[in-house]
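Me: I have a chain open in my viewer, and I would like to see how its labels follow from their cut-offs. Could we take them in turn?

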Amino acid sequence: PNKIAVVVAKGTIYDGKRQAGEIGGHSTAALLRQARENKHIKAVVLRVDSPGGSAFASEIIRNEVEALKAAGKPVVVSMSSLAASGGYWISASADEIWAAPSTITGSIGIFGMFMTFEDTLSEFLNIKTDGVGTTEMAGLSPFRKLTPQMGDVIQLAIEKGYDQFITLVADERNMSKQDVNKVAQGRVWSGKTAHELGLVD
């Protein structure tokens, strides 16, 4: 009647549902939900081996970790060889985080990009684009140069995401945001150093 569920989160984190052996925001969250709703499961080990991926999918998975804790079921993260970026995001809210001395972890950071091909299209393929927009934000397209206004919007989104990440870690690891920022900024650490920095237990 008393069982411990082991949920494996291995690979890149993608949005939606993924096949067994991959991490999907909805499919991995569904496994955690099954453990929460099964009355015989008393605790969960989340085995993380991931370089990260979608921030949105990572948050969906982390919400299920929170729901497990709210249901009175302890969650322990067991980090494999790699638990970075989104892999750390889904781990952050666990009751305890365990890593091997050689586990690569951290990478508390976020990035974004929007690739454009306007020079390739016009100079090499002689393809031109045109259009009509009603606002300064209209016309975001890989076929046109990114405007400074849209660049600012993307930058603001990245900065907001980074602030959310370091706030999450600060709250869950009982650290100040300033201290988290000192060890964050996308840097990775060995499990041994991450333990010394307070990122793992």
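Me: Thanks! How much space lies in the largest pocket?

Reply: About 240 Å³. That volume is the space filled by probe spheres set on grid points, which are joined across faces, edges and corners. Before we go on, this is a predicted model, where local features need pLDDT of at least 70 and side-chain atom pairs count only at pLDDT 80 or more, while totals for chains, interfaces and linings use all residues. Residues are numbered from 1 along each chain as its sequence is written, and side-chain values use heavy atoms, with hydrogens and water left out.

Me: What makes something a pocket here rather than a cavity?

Reply: On a 1 Å grid over the protein atoms alone, a cavity is a set of points where a 1.4 Å probe fits but cannot get out, whereas a pocket is an open set with protein on both sides within 12 Å along at least five of seven lines. Lining residues have an atom within 4 Å of a point. The largest pocket has 15 of them, and Gly53, Ser85, Gly109, Ile110 and Phe111 lie nearest its centre. Helix H2 (55-70) and helix H3 (86-89) are the elements that give two or more residues to this lining. Helices here are DSSP runs of H or I with at least four residues, strands are runs of E with at least two, and both are numbered from the N terminus.

Me: How do the residues of that lining divide into nonpolar, polar and charged?

Reply: There are 6 nonpolar, 9 polar and no charged residues. Ala, Val, Leu, Ile, Met, Phe, Trp, Tyr, Cys and Pro count as nonpolar, Asp, Glu, Lys and Arg as charged, and the others, Gly among them, as polar.

Me: Why is Ser50 called buried?

Reply: Buried means under 20% relative accessible area, exposed over 50%, and partly exposed in between (1.4 Å probe, protein chains only). Ser50 has a relative accessible area of 0%, so it is buried. Ser50 sits in strand S4 (residues 41-50). Its contacts (heavy atoms within 4.5 Å), leaving aside neighbours within four places in sequence, include Ala9, Ile23, Leu82 and Gly87.

Me: And what makes Phe114 partly exposed?

Reply: Phe114 has a relative accessible area of 33%, so it is partly exposed. Phe114 lies in the loop between strand S7 (104-106) and helix H4 (118-124). Leaving aside neighbours within four places in sequence, Phe114 is in contact with Leu140, Ser141, Pro142, Leu146 and Ile154.

Me: What does H2 reach from its first C-alpha to its last?

Reply: H2 reaches 22 Å with 16 residues, close to the 22 Å expected. Gly72, which follows H2, also has a positive phi, near 85°.

Me: Which polar atom lies 3.0 Å from the backbone nitrogen of Gly52?

Reply: A polar atom of the side chain of Ser50.

How values were computed:
A polar contact is a pair of N or O atoms within 3.5 Å; within protein, one must be able to donate a hydrogen and the other to accept it, and residues adjacent in sequence count only if both atoms are side-chain atoms. The expected span of a helix is 1.5 Å times one less than its number of residues.
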